[in-house]
Amino acid sequence: MEGSAAMAEAAVRAGCRFYAGYPITPSTEILEYMSTRMPQVGGVCMNAESEIEAIGMVWGAAGCGVRAMTASTGQGISLMQESFAELANAQIPVVTVNMCRGQGDYFQSTRGGGHGDYRFIVLAPSSAQEAADLAQLAFDLADKWRNPVMIMGDFLLSHTSEIVEFHETVAQRSADKSWAITGARGRRGITLSPLGPSEKLSTDIATTLAHAIDKHAAIKAEEVRVDTGYLDDAELVVVAFGFPGRFVKYAVMLARERGLRVGYVRPITLWPFPTQAVAAAAERAQAVAVFELNAGQMIEDVQLAVLGRAPVHAIGGISHDHSGFGVGPLLNVEYILKRIEEVYPKKGSRVQGNLGL
Amino acid sequence: MQKVFEKPDLLLKTEHSLCPGCGEPVALRIILELIQELGLRDRTICVAGIGCYTAFPMIMDVDVMQALHGRAPSVATGVKRVRPDAFVFTMQGDGDMISEGLQEVIHSAARGEKFTAIVFNNAVFGETGGHMTAATVLGQHTKTTVGGRDRERHGNPIKISELLAQLDGAAYVARAAVHTPSGIKLTKQYLHDAFRAQLEGKGFSLVEILTMCPTDWFVTPDQGPAFLEEKLKPIYPLGVIKSL
Ligand SMILES: Cc1ncc(C[n+]2csc(CCOP(=O)(O)OP(=O)(O)O)c2C)c(N)n1
Ligand code: SF4
């Protein structure tokens with residue numbers, strides 16, 4: 001199964017019953033899959049007329065307590081930002097997929113372009129299997145925290161066919177939806193609003209907004225997920241995420257075969273970022289390298305984690321081919337290996353306090 | 001003494017925070033009366049836009065989903081699609097629906113979404129303090145059309161009801177006004193027919209309600225009805241535009 005289909009099927013199995021989307025490469029396959037799959041399970045798939053409408057529809061469905069999802073690519077995700085910010089304030093659990101071109105949308109995914117103090121939990125799968133697992137997890141996390149969750153993928157993840165095994169999730173059945181809009185049978189009406197509380201006749205906006213934001217610390221404490229390898233004796237730690245993270249793992253193995261003591265850290269949650277794992281690895285190493293297919297975005301989170309314990313080198317870069325989908329020439333194990341060798345610390349070369357900027 | 005008039009139970013307070021002479025609270029009262037009379041309260045879901053009427057959800061005893069500026073029709077689409085048994089209506093202003101969210105309401109109408117869209121048309125952005133919307137009439141003075149809306153400089157107003165009535169998904173479209181007692185009665189009739197169209201699954205329904213905004217028309221509250229009658233009604237004639 002391709003990664004996008006795997007994610008869509010996983011979402012259905014996680015109880016997603018509403019999907020709205022607008023086509024854009026490389027996220028279109030999710031819409032295609034949902035358009036036939038949703039009706040089979042009694043769900044709804046909407047061919048929204050724009051991304052702004054797609055996220056609005058998802059808002060309506062999710063606000064009614066139904067598990068709902070949309071997917072797009074950086075460009076379309078840009079159009080959804082106002083809703084993203086306010087969905088987080090309104091504490092409505094939606095799942096969105098950002099199938100990026102390259103990895104240029106790291107900032108967009110982890111910081112967002114919306115207004116205010118909101119955060120999305122951001123998951124970055126590196127294979128179709130992990131995409132399926134994280135798609136299911138995304139719905140559970142969204143419900144658990146009543147906070148939107150984004151899955152950040154890319155062209156290769158979307159289009160690479162791999163064997164996928166689906167695991168059943170149970171958490172959905174216990175998800176608390178008592179806040180949802182259902183019609184006010186047997187109770188006072190409620191208002192589900194990003195602007196204020198759900199209690200009628202109240203204007204205590206500050207408390208509600210504080211509640212939407214207070215949970216950020218707890219999410220940071222509980223939800224960090226990270227994949228690491230060969231760190232015990234690593235002189236150089238390479239940080240990479242998503243599908244390119246798999247290329248890096250392989251390059252690290254090859255480097256080991258050549259006698260270089262290299263390890264890797266692959267953040268699975270981009271927010272919350274695995275700050276402690278990166279810091280601990282940098283504590284023991286002589287240098288840190290970041291491979292990402294953009295002009296240098298995650299490297300800022302790495303630098304914040306390393307906090308001057310070791311130099312941090314950018315070994316990735318913008319990697320476009322004529323297709324514009326951001327796969328490009330840099331996503332190449334030989335190239336990554338060469339860059340690892342270039343920044344591999346020479347004996348006694350560690351420079352204290354150098355942020356590597 | 002015999003009580004001849006009281007607020008509907010679904011209105012939680014008799015006071016509101018809108019201006020004296022505003023037409024929107026009158027429209028709200030009629031909507032809530034009708035929901036009560038038709039016994040729809042328990043399955044009503046209102047999707048509210050952003051404008052002066054955004055103060056209403058806190059005093060309405062029904063479930064409300066607050067949408068962003070212009071987005072209510074898409075949110076209502078999501079709501080109605082997952083809760084087909086709910087009675088769903090949107091509450092938007094002309095700025096919200098006709099300026100910011102025109103595409104959303106057009107597509108919702110074209111798809112024949114089975115909710116009732118209610119637009120309070122006062123031909124001005126009330127909440128922001130009196131600026132031109134897509135429904136401001138030619139010659140109307142606003143803070144951004146000082147000296148009057150001019151065809152060349154500011155373009156022409158959009159007649160949303162006539163526009164949407166053309167679409168096959170629209171089952172019921174009517175324009176009413178709340179500036180006179182008979183107008184209020186007619187508004188209630190049109191709303192009733194629009195609600196019926198939804199409940200019978202006929203398709204999209206829209207009631208455009210002309211409302212007074214004395215504050216941002218820069219007239220006194222008692223002059224609001226006359227302003228509506230003289231300036232808005234000739235451009236926006238009242239009546240049922242489509243009924244399938
Ligand atoms: C995206 C966005 N743009 C602008 C605004 C600012 N804004 C708030 S209310 C409003 C005007 C509302 O006008 P209308 O819908 O006609 O309702 P009225 O206030 O006249 O009742 C505007 C422009 C906003 N809230 N969101
Ligand atoms: S500004 Fe106009 S629309 Fe807003 S409350 Fe005042 S009169 Fe009503």
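In this predicted model, A:Ser4, A:Ala5, A:Met7, A:Ala8, A:Glu9, A:Ala11 and A:Val12 of helix H1 in chain A meet A:Glu29, A:Ile30, A:Tyr33, A:Met34, A:Arg37 and A:Met38 of helix H2 in chain A. Contact here means heavy atoms within 4.5 Å. By class, this contact of H1(A) with H2(A) has 9 nonpolar, 1 polar and 3 charged residues. In that count, Ala, Val, Leu, Ile, Met, Phe, Trp, Tyr, Cys and Pro are nonpolar, Asp, Glu, Lys and Arg are charged, and the others, Gly among them, are polar.

Residues are numbered from 1 along each chain as its sequence is written, chains are lettered from A and ligands numbered from 1 in the order in which they are written, and side-chain values use heavy atoms, leaving out hydrogens and water. Helices (H or I, at least four residues) and strands (E, at least two) are DSSP runs, numbered from the N terminus.

Two packed helices are described by the angle between their axes and the distance between the axes. The axes are lines fitted to C-alpha atoms, for helices over the stretch in contact, and angles run from 0 to 180 degrees between N-to-C directions.

| Helix pair | Angle | Axis distance |
|---|---|---|
| H1(A) (residues 3-13) and H2(A) (residues 28-40) | about 40° | 8 Å |
| H1(A) and H7(A) (residues 128-145) | roughly 30° | within 8 Å |
| H11(A) (residues 242-257) and H14(A) (residues 333-343) | about 60° | 9 Å |

Angles under 35 degrees count as roughly parallel, over 145 as roughly antiparallel, 65 to 115 as roughly perpendicular and the rest as oblique. H1(A) and H2(A) are therefore oblique to each other, and their crossing is right-handed. A crossing gets that name if the near helix is turned clockwise from the far one by less than a right angle, and is left-handed if anticlockwise.

H1(A) also packs against H7(A), with the axes coming within 8 Å and crossing at roughly 30°. That makes H1(A) roughly parallel to H7(A). This crossing is right-handed. On the H1(A) side the contact is made by A:Gly3, A:Ala6, A:Met7, A:Ala10, A:Ala11 and A:Arg13, and on the H7(A) side by A:Ala128, A:Ala131, A:Ala132, A:Ala135, A:Gln136 and A:Phe139. The classes here are 9 nonpolar, 2 polar and 1 charged.

H11(A) and H14(A) pack at about 60°. That makes H11(A) oblique to H14(A), and H11(A) passes H14(A) in a right-handed crossing. From H11(A) come A:Phe247, A:Val248, A:Tyr250, A:Ala251, A:Val252, A:Leu254 and A:Ala255, which meet A:Val333, A:Ile336, A:Leu337 and A:Ile340 of H14(A). This contact has 11 nonpolar, no polar and no charged residues.

**Backbone details in chain A**

The peptide bond from A:Thr25 to A:Pro26 is cis, with omega near 0°; A:Pro26 sits in the loop between strand E1 (18-21) and H2. Another cis peptide bond runs from A:Trp271 to A:Pro272, and A:Pro272 lies in the loop between strand E11 (269-271) and helix H12 (275-284). For A:Gln91, phi is near 60°, a positive value in a residue other than glycine. A:Gln91 belongs to the loop between helix H5 (81-90) and strand E4 (95-100).

Over all chains, a search of the whole structure finds 35 salt bridges (a side-chain nitrogen of Lys or Arg within 4 Å of a carboxyl oxygen of Asp or Glu). One of them joins B:Glu104 and B:Arg71 at 2.8 Å, N to O. The pair links distant parts of the chain, 33 residues apart: B:Glu104 is in helix H4 (residues 102-111) and B:Arg71 in the loop between strand E2 (63-66) and helix H2 (72-82) of chain B.

Ligand 2 is surrounded by residues of chain B, including B:Cys19, B:Glu24, B:Asn122 and B:Asp216, where near means a heavy atom within 4 Å. Its shell has 6 nonpolar, 3 polar and 2 charged residues.

Key:
This is a predicted model: local features need pLDDT of at least 70, side-chain atom pairs count only at pLDDT 80 or more; totals for chains, interfaces and linings use all residues.
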